[in-house]
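Q: Please take me through how to read this structure, feature by feature.

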Number of protein chains: 2
Amino acid sequence: MDTIPPLSSPPWVKPRLSIRQILEPASIAVVGASDSRAKFGGRIMYHLVHHGFAGDLVPINRGRPEVLGRTAYATLADVPTPPEVAILAVPGETLVQNVAAAATAGVGCCVIISTGFAEASEEGAAMQAEMVAIARQSGMRIVGPNCMGLIVPHHRMPLCSSVVLDTDRLLSGSIGLISQSGALMVSVFDRASTDGIGFRHCVSLGNQADLEICDFLEVMVEDPETKAICLYVEGLKDGARFRAAAAACQAAGKPLLLVKTGRTEAGVKSARSHTASLAGSYDVFEAICRETGVVLARDPDDMVRAANILVRHPGARSPGGVGVYSTSGGGAGIASDRVTEIGLGMAVLSEATRAQLGEILLPPQADNPIDLGGRKAPDSLDITKLAADILLADPAVAYGLVVLTSMPFFAEKTRLIGEVAKASPKPCFLALTPGAAADRPRAALREVDQPYFDRFEDALRAMELVAQFDRLRAEASPMALRPAGLPAIPELPDGVATEGEVKAALAAYGVPVTRESFAATPEAAGKAAAALGFPVVLKAVSRDIAHKSDVGGVALGLRDAGAVAAAAVAMQATVAGHLPQARIDGFSVQEMIKGAAEVIIGARYDPLFGPVVLVGLGGTIVEILKDVAIAPAPVAPERALRMVESLRLAPLLQGARGMPVLDVPAIVDAVVRISWLAHDLGGRLIELEANPLLVRPVGLGLVAVDGRATLVG
Amino acid sequence: MDTIPPLSSPPWVKPRLSIRQILEPASIAVVGASDSRAKFGGRIMYHLVHHGFAGDLVPINRGRPEVLGRTAYATLADVPTPPEVAILAVPGETLVQNVAAAATAGVGCCVIISTGFAEASEEGAAMQAEMVAIARQSGMRIVGPNCMGLIVPHHRMPLCSSVVLDTDRLLSGSIGLISQSGALMVSVFDRASTDGIGFRHCVSLGNQADLEICDFLEVMVEDPETKAICLYVEGLKDGARFRAAAAACQAAGKPLLLVKTGRTEAGVKSARSHTASLAGSYDVFEAICRETGVVLARDPDDMVRAANILVRHPGARSPGGVGVYSTSGGGAGIASDRVTEIGLGMAVLSEATRAQLGEILLPPQADNPIDLGGRKAPDSLDITKLAADILLADPAVAYGLVVLTSMPFFAEKTRLIGEVAKASPKPCFLALTPGAAADRPRAALREVDQPYFDRFEDALRAMELVAQFDRLRAEASPMALRPAGLPAIPELPDGVATEGEVKAALAAYGVPVTRESFAATPEAAGKAAAALGFPVVLKAVSRDIAHKSDVGGVALGLRDAGAVAAAAVAMQATVAGHLPQARIDGFSVQEMIKGAAEVIIGARYDPLFGPVVLVGLGGTIVEILKDVAIAPAPVAPERALRMVESLRLAPLLQGARGMPVLDVPAIVDAVVRISWLAHDLGGRLIELEANPLLVRPVGLGLVAVDGRATLVG
């Protein structure tokens, strides 16, 4: 399951089953069923029988008339009515023939848990391709191979061999889970059960030979009983389909949370542009997720716990900070520091709230964070509840964070806080301590059905994810409208473009570029400079040079024609010294621009998600800090502004010490226009960038002084 | 315990007991002892009796002849031999008289758990001062008030009322714990017990009215049975003493770990220098800790778990990366991403290791991360052990990270991995999943006495702390030697210095500054410029201006005497427009320096820790990014170099695109010299900075073009 299988083509004939039928089939055959729980087929049978599968259950076994009290058949062909779903617990080498037999017998979908296919070897990949071909020709669907099956509690369907299903009951819930890794699905399910969190559907997909993440995601987005969706993704098969499903989920207001591995792979390598190295494939994926409101988690358990909180507190929330409430000064202090460090911010309570708290608590406890150690009145249970109610009611509090240094005798207190948290429309994160002293407080929270966290840091990470969802919901993406006056088709040649060609395309899309002219010889360059007005910049023109300044191909601040001609002669020699094979076509003479800050705006075509646009600040520092913002192209001005504002160096634009306020609207406009250029180039684009653009004080615009582009060809 | 009590003076008479005697007293009196465990005194008595306190135990109770079978006395004065330690479980209002009675009776130390003193009110602070006076006059010591006492398992001394001590036995260990917060000490103790981690001594100090953190820290540093020390600090009383104790701990090779609250308080406010806002009190504390090898944790449980790992793997380690080992592809993928994201780095295995792994595992699993899913041979238990051994033996692996998607039938496998981890000299972090399916694997690890983590993120944070310790141990601080030729006493006036005065002091300490001369009038400025050579910079001279460029007090690039005079006239008007009250003493005419990068070097005097030096890069950006390094002054050149290299923008100095390699040795030399200037100024210094220093290509040095300083006065 670590490899991304080749993009599957759509089924060739009408599928025999819908995805919903696969999730909730009327009948299941277990091929390789057995009485022995030491075997895969035996455990699957046992789990289905033990949890009382809601449909027909048909064991397939050549050797016996029945398995676990159910009539068995020798082959799938012998079953009177073809089972909708067959799970194959058979050796890998007999798998293809079993798949073929299932297709012939009229099975609607095979769930294949065997390993040794595309994830393991070329030979395995060939077998996998054979199975897919059988499926395509028949209309039978395949889940897997190399997966751990499905768990659908409300349908009483533990279609999975894992021993974690050897429990009293399957917890039903409203969270959908799709995981490429089977082991991960099973352990997430187990941990969630321990936490009292149930699922609507759990699906593991393994190699995604036929059915893939989006097939199930689309159904979960539509399913009214599914209130939040969690994904564990190693690789996506179809970026556009994922983006559309995520957007539909966002439109439905349904939280979609995701853990993606392969985040830290080295980005796409490229010698020609900064954009490619700054916008690696995970950076693009992140941008797509931000655009479609998908919450990115790093840990699968965090993801499920945050989904659980979001399901329990579904309403939209006003933005605000964290209200911290603790039974110890130490807990309150640590919590305040950490809330501030992760950037959520401590809520600043109103005068009225502080006055109310002041009636029951001593200063400084009568403020955020509340340290319940400092009480005025004797009745501590009443005060416990009252203080929590007052804190959560403050309009500046968006989230509650309760840190309990738990003692056995805190059970009643904890129960009261749990009741307040459960009733509040604001998500409240209760962190207990994992030691044995908190057993009774934990039991009290389970009784009132309020989730809690055994680690303060667990609570904090879940809170971060919930806040991430709220932030994305609040800034839902505006529609990008095509600016007036853009050309229908951008004029850029195939392959590597010259600076002049790139600037011409930028200018055609309304991005200001330097005034400049081309000169074939040093003498002509001198004359051209005189016509342009001094000082000028001289650059070598060559398709063979990606970074002119690295090879002596740029001379700045030339003040007369003689200096220009002399610089051109010297440049020929210097460039030849660095790159003997580079062909110099001539010289570009350009007006010398002064700007208060340097901006890079780039675009590239991502193989999975299409065109993206990138903006960064600060010249050389951009690459050191990787301080860039990325979004799928085209972008609306509102999004482009948010991109610029999200840069760490953005304060440079707002009049940092001694500098003027710079022309942010001009940057935003250029980002929008270059995003449309990338959109219009579509699949022809490899990468393009205007770098640097020199930005002037507000009202005075910006000018692209250099640019490069590579197109397919 | 949230307030820092006033600095206590040393005892006036010889203390009756040493700290070691307080930790392991021969006799204890419980004042307020009771048979009822509903009372503080009752619980303390019960815990001491139940755990079999190793010394004499004397209940003090006016009403009864005995308590829990021990002879009781009406008052401390009635006890035949004065008890070494008395714990006072009496109402706050009778406390002072009880303390006085204890002093009279010859008690060596009072442990005071009552609240309502300096942490609560002015009245309480007065009572606290009264108690301290009694102690000072008698030589009796005080722990607390507002603390939760001490727990010393090997002395069977649970001198604490908390119900978490109502356990079968107190786990003894080799970790020392000192906590300002009592609730935190108790809950950390409880959680550690649950994890099977024991302590040598646990001390809670509350208000530190008399005995403070360093009293106990010094003893723990000396104690050969204490192998690691954990501190929870809200505020220190004596910075120099703490620094000395931490340095002694570092010299002894004993890990010292610390959680400090109040990290995110707003830094020291100051209008005059960047240094003050960039080097807040927590930044300085962090620098002191780095200098003395103290590991900074954010969570108390992480701290204790990391200390436990360090105690179990005490040897020095070669630097290296993380070897990841998992039973699932998903686990391996998530772990690799997270290890890379937190900056520890995945170990690059040798050819030989990969070949060895290749004999038992399939590619790509036969590399780091190892995904144990891909096996060649059938005997999975042998392979489990062999693969772990091979991975940990690779020289590039400094730490093992084992991620188990735990199944009940993994118990045997888990035990084997636990045995490998326990035997390895390299710290190995085992992350199990918290679900019930891992109960048997967890039990197996407890049987082989190998610590484990119930959350992957817990393992990761503990690993970060252990790696932090190793990093600090490897770079132990070089001694700072005074450069030759420094003046004995820096010449700087009290109060605010002018730029010229600061530059003179810098020059005297060997830091290059601009050539410049003072001119009283615009005409004189023009003449001075001609003498200096054009172009020049003109600056207003005034003690009333902190940032000249903000108020039009700087003119750059003046090319002839007329331009200088005209600029001076204009400057008088502009500055007056901004700051009508500022008195302009004249003008400074300076050579105009070009540099490839701007550096700030500053110093300030921290009230707790004395002089510190700071270096940052990037002009305006320094403040936006807060990209600075801080160290206590004076610094050695090796430390100064590490400070420069630690800056995020350091690549700018190393020849970033199109820029020359800059003169890092000159920056290092300037940091060293300014650190000595700060050291020599000592308590006279408030703040001083050279900003900017313009740095030239390597070999060409740097020049301070501006500077400011404020001294006491």
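A: We can start with an annotation: in an unreviewed entry, UniProt lists residues 503-540 of chain A as "domain: ATP-grasp"; UniProt positions follow the numbering used here, feature names are shortened, and annotations may be inferred rather than shown by experiment. This is a predicted model, in which local features need pLDDT of at least 70 and side-chain atom pairs count only at pLDDT 80 or more, while totals for chains, interfaces and linings use all residues. Residues are numbered from 1 along each chain as its sequence is written, chains are lettered from A and ligands numbered from 1 in the order in which they are written, and side-chain values use heavy atoms, with hydrogens and water left out.

Q: How far apart are the end C-alpha atoms of residues 503-540 of chain A?
A: They lie 15 Å apart, and the span is 45% helix and 24% strand, where helices (H or I, at least four residues) and strands (E, at least two) are DSSP runs numbered from the N terminus.

Q: How is a pair of aromatic rings described?
A: The description uses the distance of the centres and the angle of the planes. Rings of Phe, Tyr and Trp (its six-membered ring) pair if their centres lie within 6.5 Å, and planes under 30 degrees apart count as stacked, over 60 as edge-to-face and the rest as tilted. Over all chains the structure holds 10 aromatic pairs; one of them is the tilted pair of Tyr282(A) and Phe285(A), with 6.1 Å centre to centre and 35° between the planes. Both residues lie in helix 9 (residues 281-291) of chain A, three residues apart, about one turn of the helix.

Q: Is Phe285(A) buried or exposed?
A: Phe285(A) counts as buried because its relative accessibility is 2%, the classes being buried under 20% relative accessible area, exposed over 50% and partly exposed in between (1.4 Å probe, protein chains only). Phe285(A) also forms a tilted pair with Phe609(A), at 6.1 Å centre to centre and 45° between the planes. Phe609(A) lies in the loop between strand 24 (597-606) and strand 25 (610-617) of chain A, so this pair ties together parts that are 324 residues apart in sequence. Ring pairs link Phe242(A), Tyr282(A), Phe285(A) and Phe609(A) into a cluster.

Q: Which rotation superposes chain B on chain A?
A: Superposition is by least squares on the C-alpha atoms of residues with pLDDT of at least 70 in both copies. Here a rotation of 180° with 0.1 Å of shift along its axis superposes chain B on chain A, with an RMSD of 0.1 Å, and the two copies are therefore related as by a two-fold rotation axis.
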